[in-house]
Structures are given as C-alpha cells and as structure tokens.
Amino acid sequence: MSAVMSAADVRRSRVRLFIVTMLFLVTTVNYADRATLSIAGPALSKELHLDPVAMGYIFSAFGWSYVIAQVPGGWLLDRYGSRLVYAFSIIVWSLFTTMQGWVGFFSAGTAITVLFGLRFLVGIAEAPSFPANARIVAAWFPSNERGTASAFFNSGQYFATVIFAPLMGWIAHDYGWRYVFFVMGALGIVMGLVWIKTVYGPKEHPGVNEAEFDYIKAGGALVDLDAPKEERAPEPGSGWDHIRQLLSNRMMLGVYLGQYCINTLTYFFLTWFPVYLVKERGLSILQAGFVATLPALCGFIGGVLGGVISDAILRKTGSLTMARKIPIVGGMLLSMSIIACNYVDGQALVVGFMALAFFGKGIGALGWAVVSDTSPKEAGGVSGGLFNTFGNLSSISTPIVIGYILAATGSFNGALIFVGANALVAAFAYLVVVGKIERVVLKRSS
C-alpha cells in the first residue's frame, strides 16, 4: 500500500506550492508598502515639522480606510473571484504608494493632508488582500496543510522587514525619503502584472493534474470558490444575513477579539518600532533599518514554525481546536516579553527581547488559518473581510494610542506595556471565548 501511495505522490503535481509562494511574495510587498511611512517617517516628520500626535494620526490613515473597506472587499471577492480582484488591488495600491513620494513638493500643511489622503487610499486598495489570501488557501489546500500554508503567506509580513527595511533605510539615507515610495510602488506594479499572468483557481490552472486536484478536494479544499461565476451559484441578497450570523457566533467573536490584539503587535512594529529605535535608543535611521531585521527574521521563523507545529498537532490528534489554539496561546504569552525592554539598557538586550516577542507573535499568528478553517463556503470573502475588519481596528487605535502615550510621558515604556497587555488578552480570547474551532454552517434565510 505504501508503495502505491508513494507512486501517487510522485505523479501528483505541486502547483499549490507555487500558489502559496505567490501569496507569500505578494504579502511581502504588501507589508513593505505599509511600512514605507515608518522608515521614511523620521526624516519626513522632521522636514514637515510633525509632532508625535500628528504622526500617530497619519500612521492611522491607512487603518481607517482598510477597516471600512474590508467587508465590501470581501463581497467583491465572493462576487468576482480572487484572481482579478487581487490583481487590481495590487496595482492600485502600488500606484498610491508611488504618489506618496510627491508630498514633499507641497507646503507643510497641504503635504500633511495629501499624505493622509494617499495613505487612506492605499488602505482601500489593500482591503481585499488578506481575505483573498484566505480564500485562495481554502481553495488550494487540504485541511492538514492549511495551517502551514496560511502561516507561510502570513510570514511575508516579517520577511518584508528582513528584506526591505535595510533597503528602504539605505534609500532614505542616501537618496532621500521620497525614493522609498517611488521604488516600492514600482515593485508592486511589477508584482501585480506577474500575478495576473500566473495565478488561477484549481479548476482553471493549466499546471494542475488530476492527482493533485483529487488530493486537495478529498482533503477538504473548497475547489469551487474561484470557479467561473456561472458555476459558483451565489446567493443574491444574502450578504447581510451572512454577516448577522457570523456576528452572532461566539467562536467567531472570540477569533475577532484575538486578531485585534495580535495585530496590535503587528502595527507597533509597522509604525512606531523604527521611531522607537531612533528616538528612544539613539540609532540612526540607517542603523534602525538594519536592526529591525532581527526581530522580523525571528517573526518570520516563528510564523513558519507555528504553521508546521499546528499541522503536526492536527495530524497527531485529529483535533483542529488543539492544533490552532496551542500555538496561538503559547505564542501570545511569549510575546509579552516585549515589556522586558523597559527594564534593560543595552541595545543588544533590547533587540533580543524584541526578537523573542516577535518570534512568539509569529508562532501565534494563525488567525488566517482559522479563517480558512471556519469560513462558511457561501461567504468566504465576507467572513475574511469581517475578520480583517475587527483585526485591523488596531491599525487605527495602536498608532494613535501610542502617539498619545508618547506625548503624555515622553517615553515608550507605557507603549510597550500597552502592546504586551494586548498579547495577554489575545491568549485569553482563544482560551476562554473561542471554544471549539469548526466550519460555520449558515442557516438558510426564509
């Protein structure tokens, strides 16, 4: 029997590995574009005379629109499929990223308004990205590979810093902050064009053979999610009822709360972390770009490891609940080590505790695997959109709260306690609120 299975494995194509690699690359560019402002921020704020509160609000501009556009973005994905909506999203957000390099040509007051507006538009354009990632993973991967696949694409957020923080720091240092936006925007446009030429659903992809298709379908992959519209049989007018049912589900509410708290760590890293290194720890912007790579690399390693651990637990125990909760809760408790930075002076110790915290955050960042596991088949995009709406409320609150903490205290100590407390609440949400993790079955509206 094992010989037969081995032969089948040899015959099976591996297109799904290419698909998740594309998700990883696009997510890397996505997060690099989000982080452009944090790398350019010290020089930009100096040139435009911005105080911490003003910078906090500008950092939050992305989050306001990103949150508002989540459910409409999810609806677009369910209506038109992931491939085309995602390609349009990538190209448009990259154009708006490029345009941010032009704000320096305006007077200070106008520049602030234009910069806020462009960051707001980037948030709208990026809104479908992570719900699309979850839909594509649900369509391409069987249940026992979904945790690793989701963790792999999600780890692109850390890899973005590993690769692009030093590059953007060097560009800002040698050529000026404007060129950070120009270079990253151009790279995103290229990525969007590559996407549209290479990514398809399981039923349409020319490289998938029957053995791989049968394997992923038998394992629970939702292979019809991105089938042509006439084959998907949508339910017109049922979107609001789907939202109501998801919002009345205790499991999903716990997942939403957990993701909000987990993303607080993410948005500290994407917004205030380079500023913390420069203003609290005395590094230059070039040094901060390089130093930020170590916590990011640990987050990347933790992210991939979390998915591997989760799928290994699933295969061993058969319990999806244990497989997802153990890495999430353990990772979040480890992330609380960020508070220890308040009690050490050496830069090496600070970076070490940050690295440990983001390693834990990486292990626990399995929220999108949970979305792929739990989203109802009829509303995968809307479910992902709701999840990302709640999760990214922290993209609004985190930079603003930290801005006010800095303005009131002149120190990052309170900010790090705030971030660590959110990690604790995330662990509580999964331990106490979520309960059993299983796919939501929607009731038919009368």
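Visitor: Is Glu145 buried or exposed?

Guide: Please keep in mind that this is a predicted model. Burial is judged from relative accessible area, and a residue under 20% counts as buried. Glu145 has a relative accessible area of 19%, so Glu145 is buried.

Visitor: Which residue forms a salt bridge with Glu145?

Guide: A salt bridge is read from the distance between a side-chain nitrogen and a carboxyl oxygen, with a cut-off of 4 Å. Here the partner of Glu145 is Arg16, and the closest N and O atoms are 2.9 Å apart. Arg16 belongs to helix α2 and Glu145 to helix α8, so that the pair links distant parts of the chain, 129 residues apart. Arg16 is counted as buried because its relative accessibility is 4%.

Visitor: How many salt bridges does the structure hold?

Guide: There are 6 salt bridges in the structure. One of them joins the side chains of Asp311 and Arg324, at 3.3 Å from N to O. Asp311 lies in helix α16 (residues 293–317) and Arg324 in helix α17, so this pair ties together parts 13 residues apart in sequence. Both Asp311 and Arg324 are buried. These two residues also belong to a network of salt bridges that includes Arg146 and Asp373.

Visitor: Which side chains meet in a salt bridge at 3.8 Å?

Guide: Those of Lys436 and Glu438 do, the distance being taken from N to O. Lys436 is exposed, because its relative accessibility is 57%. Glu438 has a relative accessible area of 41% and is therefore partly exposed.

Visitor: Where is Val419 found, and which residues is it in contact with?

Guide: Val419 is found in helix α22. With a relative accessible area of 1%, Val419 is buried. Leaving aside neighbours within four places in sequence, Val419 is in contact with Thr264, Leu265, Phe268, Ile338 and Ile402. Val419 and Ile402 are 17 residues apart along the chain, and their C-alpha atoms are separated by 9.2 Å.

Visitor: Which residues of the largest nonpolar core touch the most other members?

Guide: A core is read as a set of buried nonpolar residues joined through their side chains. The largest nonpolar core here has 124 residues, and Tyr86, Trp195, Phe268, Trp272, Tyr276, Met354 and Phe412 touch the most other members. Helix α14 (residues 250–280) supplies the largest share of this core, 16 residues. The contacts of Trp272 beyond four places in sequence include Pro52, Phe59, Ile402 and Phe412.

Visitor: Which residues make the nonpolar surface patch?

Guide: The patch covers about 500 Å² and is made by Tyr57, Trp64, Ile68, Phe116 and Tyr404. Helix α3 (residues 52–68) gives the most to it, with 3 residues. Ile68 has its place in helix α3. Its relative accessible area is 59%, so Ile68 is exposed.

Visitor: How many helices and strands does the chain have?

Guide: The chain has 22 helices and 0 strands. Its radius of gyration is 21 Å, close to the 22 Å that the globule rule gives for 446 residues, so the chain is as compact as a globular protein of that length. Along the principal axes, the C-alpha atoms fill a box of roughly 65 × 50 × 40 Å. Of the 446 residues, 59% are buried. Among contacts with a separation of 6 or more, 83% are between residues 24 or more positions apart. The accessible surface of the chain is about 17000 Å², and carbon and sulfur atoms account for 69% of it.

Terms used:
Residues numbered from 1 in each chain as written. Predicted model: local features only at pLDDT ≥ 70, side-chain atom pairs only at ≥ 80, totals over all residues. Heavy atoms only, no water. Patch = residues over 30% accessible without salt bridge, like charges linked within 9 Å, V, L, I, M, F, W, Y side chains within 5 Å. Areas by Shrake-Rupley, 256 points an atom, 1.4 Å probe, with all protein chains shown as cover. Helix = DSSP H or I, 4+ residues; strand = E, 2+ residues; numbered from the N terminus. Buried < 20%, exposed > 50% of the residue type's maximum accessible area, 1.4 Å probe, protein only. Rg over C-alpha atoms; globule rule 2.2 N^0.38 Å. Contact = heavy atoms within 4.5 Å. Core = buried A, V, L, I, M, F, W, Y, C linked by side-chain atoms within 4.5 Å.
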